Amino acid sequence: MGRLNFTNPMNDNETEPEIFLLTGLSHQPHMRVVLFVVFFILYLITILGNGLIVLLIIADPHLQTPMYFFLGNLSLVDICYTSSTIPQMLVHSFTKRPTITNARCFIQMCISLFLGVAECILLAVMAYDRYVAICSPLHYMLIMNRKRCGWLAAISWVLAFLLTIVPSFAMKIQLCGHNVIDHFMCEVQAVVKLACSDISANVGLMSGSSVFTLLVPFAFILVTYVRISLAVLRIRSEQSWKKALSTCGSHLTVVGIFYGTAMVMYLRPQNRSSEQDKYLSIMYVVITPMLNPLIYSLRNKDVKEALGRIMGRKKGT
């Protein structure tokens, strides 16, 4: 099983802490109860919303298209993303000294990084799908066939794995006995702050990875939407124009929320406060996965109609 490669230079025998203490969001008991209720509700909305999107895509033939195939992958990422963090937060709400083992900390850090990067890449793939649908509508199903969609999804997951899990095993940090993580989860930047040794190599690795996993996909999305905008301006049919704006608008809203928060978190200078990091983490770990199904369901006519058909079948039976 993976472990964080922590060493203690003050001891001839290299040691690493077996347990880490998480400070959480608040030390006040009554505030922890409030946070438990809030995050429990947000978690339920996230699981039910994203789970409903996945079920609708599987159950309704009208939603079994490339766009909704990638949306289903995105919803699956969001379910896993929140499930890797929020249940632990809920349990720790009633614990005086929230702790996490070395192995669990390493696993949680890897999973959150992996799923975050997977979402970045999937959002870029979804932008490409919208580009083909609007700019080459007559060849859309030929270009975005089932095999190609499967390959694009598989490449997104594999690339996310290679960009996060593999480098995580190469990180080595000396803690000098420090084991208090000023966060509610094992977030990589919060863990790196515990280091008492030179971490320039680790910081360089994270910065390079952030540029590649955030800026490159985001730049691709921007270029894609510039070309989409030019194509939309040439559309004469008002119905087609509104449909293009509806599907692209939902995707752009999700892109803006997710990438905006992630860029502020990982591309800003490292000297910001831990409290800022916590609230930024809440945005992209909790809020964004909860908003994604709401944005797509409220702004998307196809999803509303699919839900209506499913509900109609149940009433008929």
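## Helices around the largest cavity

Six helices each supply at least two residues of the lining of the largest cavity: H4 (102–135), H6 (146–168), H7 (188–192), H8 (200–233), H9 (238–267) and H10 (274–299). Helices here are DSSP runs (H or I, at least four residues), numbered from the N terminus. H8 gives the most, with 6 residues.

## Basis of the model

This is a predicted model, in which local features need pLDDT of at least 70, side-chain atom pairs count only at pLDDT 80 or more, and totals for chains, interfaces and linings use all residues. Residues are numbered from 1 along each chain as its sequence is written, and side-chain values use heavy atoms, without hydrogens and water.

## Cavity count and the largest cavity

The structure holds 5 cavities of 30 Å³ or more. A cavity is a set of points, on a 1 Å grid over the protein atoms alone, where a 1.4 Å probe fits but cannot get out; lining residues have an atom within 4 Å of a point. A volume is the space filled by probe spheres set on the points, with grid points joined across faces, edges and corners.

The largest cavity contains about 400 Å³ of space. It has 26 lining residues, and Leu113, Val117, Ser209, Ser210 and Tyr266 are the closest to its centre. The lining divides into 17 nonpolar, 8 polar and 1 charged. Nonpolar means Ala, Val, Leu, Ile, Met, Phe, Trp, Tyr, Cys and Pro; charged means Asp, Glu, Lys and Arg; the others, Gly among them, are polar.

## The second largest cavity

About 170 Å³ of space lies here, in the second largest cavity. Its lining includes Leu22, Arg32, Phe39, His92 and Phe184. Helices H1 (29–59) and H3 (86–92) each supply at least two lining residues. H1 gives the most, with 3 residues. The lining splits into 7 nonpolar, 4 polar and 1 charged.

Notes: On a 1 Å grid over the protein atoms alone, a cavity is a set of points where a 1.4 Å probe fits but cannot get out, and a pocket is an open set with protein on both sides within 12 Å along at least five of seven lines; lining residues have an atom within 4 Å of a point.
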